[in-house]
Structure formats: structure tokens, C-alpha cells
Amino acid sequence: MTDRRLSAARNALSTSRRIAVFSGAGLSAESGIATFRGNDGDALWSRFNPMELASAAGFEENPARVIDWYNWRRSKLANAQPNAAHVALAKRPRLVQITQNVDDLLERAGVAASAVLHLHGTIGKDRCNGSCGHEETVDLASAPPLRPCPRCGAYLRPAVVWFGEGLRQDVWNEAQRLCSQLDCLLVVGTSATVYPAAGLIEQAEAAGSKIISINTEPSASFGAEHLELVGPASVLLPQLLEGL
Ligand code: OAD
């Protein structure tokens, strides 16, 4: 069954000109980066409270707790390597990369930084929690503890999108523009439950795009043109993209 689905998906890809990849935490799971909602017992939101650690209110209540938690995630990422799924994607520069992931594993696998739309920001940077706009890169292996913004004195915070916050408008506009004119959207390792990001799948589908999904768990149907591949991204993506 999977073989037949795989060849149907390969056919769908080979007849598509404009292809984008919409990825989530499952893409990096096999690099040892925990997902948020996967059912392997390691998922972050089954162990931690997102409102304490990933919201403006949680930061206001206890900023040091939030920074320490992000620095723990940063140190894990510092020791991680791209997996075969990242590498397979990086070998196909004509695929547009739209990701919910805040890690830099696609870039480390060889995708140009300018070619990845990080909808939820990047954990490798801090930005001012006030309004001065200051941003700086942090060393993942030795990220500094809570500290003030050198420009305005407000606290610095990770340059990621928290619950209740809007996405960066330029990044979101570009993702929407791309997804409105695709032949095929490849959805990899996402629970597709967090909006507005997950709405890109519906948008692409409504605009006539085929949808191919790769996930270790069966997922919701993404419309009549949806081809679902169930299995790990590190195995299925290289097989799917071979020869593309
Ligand atoms: P989730 O943790 O919600 O979903 C990860 C998905 O990956 C699940 O559906 C798993 O079944 C699947 N999965 C796990 N391992 C896999 C593997 N090896 N190969 C393929 N699939 C695998 O992660 P996201 O959908 O990315 O927000 O979550 C969306 C957002 O929720 C995140 O960006 C984050 C979180 O709160 C922010 O950081 C703002």
C-alpha cells in the first residue's frame, strides 16, 4: 500500500512545477529535537506548560524561567545534526521551504538562509521585548541568561512567535502568496493544529494545489487531492524526492 502511495506521490510531484514544503517539528524529530505534540512521550507540551513558557504573560510573570527553558532547548539544538530528511530537502533548491520550526537544521543541511521562511521565528536570535527593534544572534551552545537590551534596557527575549502573538507580516504575506499559486504542497511532520500557519494547507488546497503529507501518524484529510504517506520523514522524504 505504501509503495503504491509513494509512487502516486512521486508522479504527483514530477508533474508539478511550483512545489513548496510546509514543515513542522516532525522534520527535526529524528535529529533528537522534541516535537510539541507527538505521542512519543517526549513531546514538549506534554511535559511543560506552554502558557508559562511560550506566551507574553508567561514571560512577564517569570522572564528568567522562560529564558532558561529556551537556553536548554538551544543547547540541545547546538548538539543536534540535520537528518536525512533535511539533507534530501537541501538537495532540491527549487523547493520553496516554509517551516514552523525555529531551529536552523534546514540551513545547516545546506538550504540558503534567505530561502527558508520561518513562520514562527528563530531560536538562534534574541530580540528586544520592548519596541526598539534590537535583534542579536545568540550562540546556541552558550546562550546568555536573562539580560537587558543594550539599546533600550527592556529585557531581551527569543526571536520566536509565542501563543497569542502575530506572525511577522512580511514572512506571512510571502508564505500566503506562495501557497496561493502552487501545483503541489508537501506537508512534512506537522500536526497542522496551530493557526494561522496550518491554514496555508487549506489555502493551497483551495487554490488547486495537490497536497502530499508525510507523518508518522495518520492525519486529517486535506481534501480530495491529498496523498498521505505514513512513516518517518528521514525515510520517506529521500525516497519521495529521489530523481526529482
Ligand atoms: P507538533 O509537535 O504539533 O507535531 C509534530 C508532528 O510530527 C506530529 O503530527 C507527529 O506525528 C509528527 N512526527 C513526529 N515524528 C516524525 C517523523 N520522524 N517523521 C514525520 N513526522 C513525524 O509540531 P508542529 O506541527 O510543528 O509553535 O507544531 C506547530 C507549532 O506548535 C510549533 O511551531 C510551535 C508549537 O507550539 C511555536 O513555536 C510558536
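**Exercise 1. The largest cavity**

Task: Find which strand gives the largest share of the lining of the largest cavity, then describe that cavity.

Solution. Keep in mind that you are looking at a predicted model.

- Step 1: Strand E8 (residues 210-215) supplies the largest share of this lining, with 3 residues.
- Step 2: Now list the whole lining: Val 187, Gly 189, Thr 190, Ser 213, Ile 214, Asn 215, Ser 219 and Phe 222.
- Step 3: Sort these residues by class, and you get 3 nonpolar, 5 polar and no charged residues.
- Step 4: The space inside the largest cavity is about 30 Å³. Searching the whole structure turns up 1 cavity of 30 Å³ or more.

How can empty space be found at all? A probe the size of a water molecule is rolled over the atoms, and this shows where space is left.

**Exercise 2. The ligand and its shell**

Task: Work out which residues are closest to the ligand and where the ligand has polar contacts.

Solution. Start with the shell and then look at single atoms.

- Step 1: The ligand is surrounded by 24 residues, and the closest are Phe 36, Arg 37, Thr 190, Ser 191 and Asn 215.
- Step 2: By class, the shell holds 9 nonpolar, 12 polar and 3 charged residues.
- Step 3: Look for N or O pairs within 3.5 Å, the cut-off for a polar contact. A polar side-chain atom of Thr 190 is 2.6 Å from an oxygen atom of the ligand. At Ala 25, a polar backbone atom lies 2.8 Å from a ligand oxygen atom. For Thr 216, an N or O atom of the side chain is 3.2 Å from a nitrogen atom of the ligand.
- Step 4: On its own the ligand has 800 Å² of accessible area, and the protein covers 92% of this.
- Step 5: Why does the ligand lie between domain 1 and domain 2? Residues of the shell come from both domain 1 (1-33 + 82-120 + 167-244) and domain 2 (34-79 + 126-160), so the ligand lies between them.

**Exercise 3. The second largest pocket**

Task: Describe the second largest pocket by its volume, its lining and the elements that contribute to that lining.

Solution. Go from the space itself to the residues around it.

- Step 1: This pocket holds about 600 Å³ of space.
- Step 2: It is lined by 29 residues, of which His 118, Gly 121, Thr 122, Ala 159 and Arg 168 are the closest to its centre.
- Step 3: Strands E3 (116-118), E4 (121-128), E5 (135-137) and E6 (156-160) are the elements giving two or more residues to the lining. The largest share, 6 residues, comes from E4.
- Step 4: By class, the lining of the second largest pocket has 14 nonpolar, 7 polar and 8 charged residues.
- Step 5: Domain 1 and domain 2 each provide at least three residues of this lining.

Notes: Residues are numbered from 1 along each chain as its sequence is written. This is a predicted model: local features need pLDDT of at least 70, side-chain atom pairs count only at pLDDT 80 or more; totals for chains, interfaces and linings use all residues. Side-chain values use heavy atoms; hydrogens and water are left out. A residue is near a molecule or strand if one of its heavy atoms lies within 4 Å of it. A polar contact is a pair of N or O atoms within 3.5 Å; within protein, one must be able to donate a hydrogen and the other to accept it, and residues adjacent in sequence count only if both atoms are side-chain atoms. Accessible areas come from the Shrake-Rupley method with a 1.4 Å probe; for residues, only the protein chains shown count as cover. Ala, Val, Leu, Ile, Met, Phe, Trp, Tyr, Cys and Pro count as nonpolar, Asp, Glu, Lys and Arg as charged, and the others, Gly among them, as polar. Domain bounds come from an automatic or database domain assignment. On a 1 Å grid over the protein atoms alone, a cavity is a set of points where a 1.4 Å probe fits but cannot get out, and a pocket is an open set with protein on both sides within 12 Å along at least five of seven lines; lining residues have an atom within 4 Å of a point. Grid points are joined across faces, edges and corners, and a volume is the space filled by probe spheres set on the points. Helices (H or I, at least four residues) and strands (E, at least two) are DSSP runs, numbered from the N terminus.
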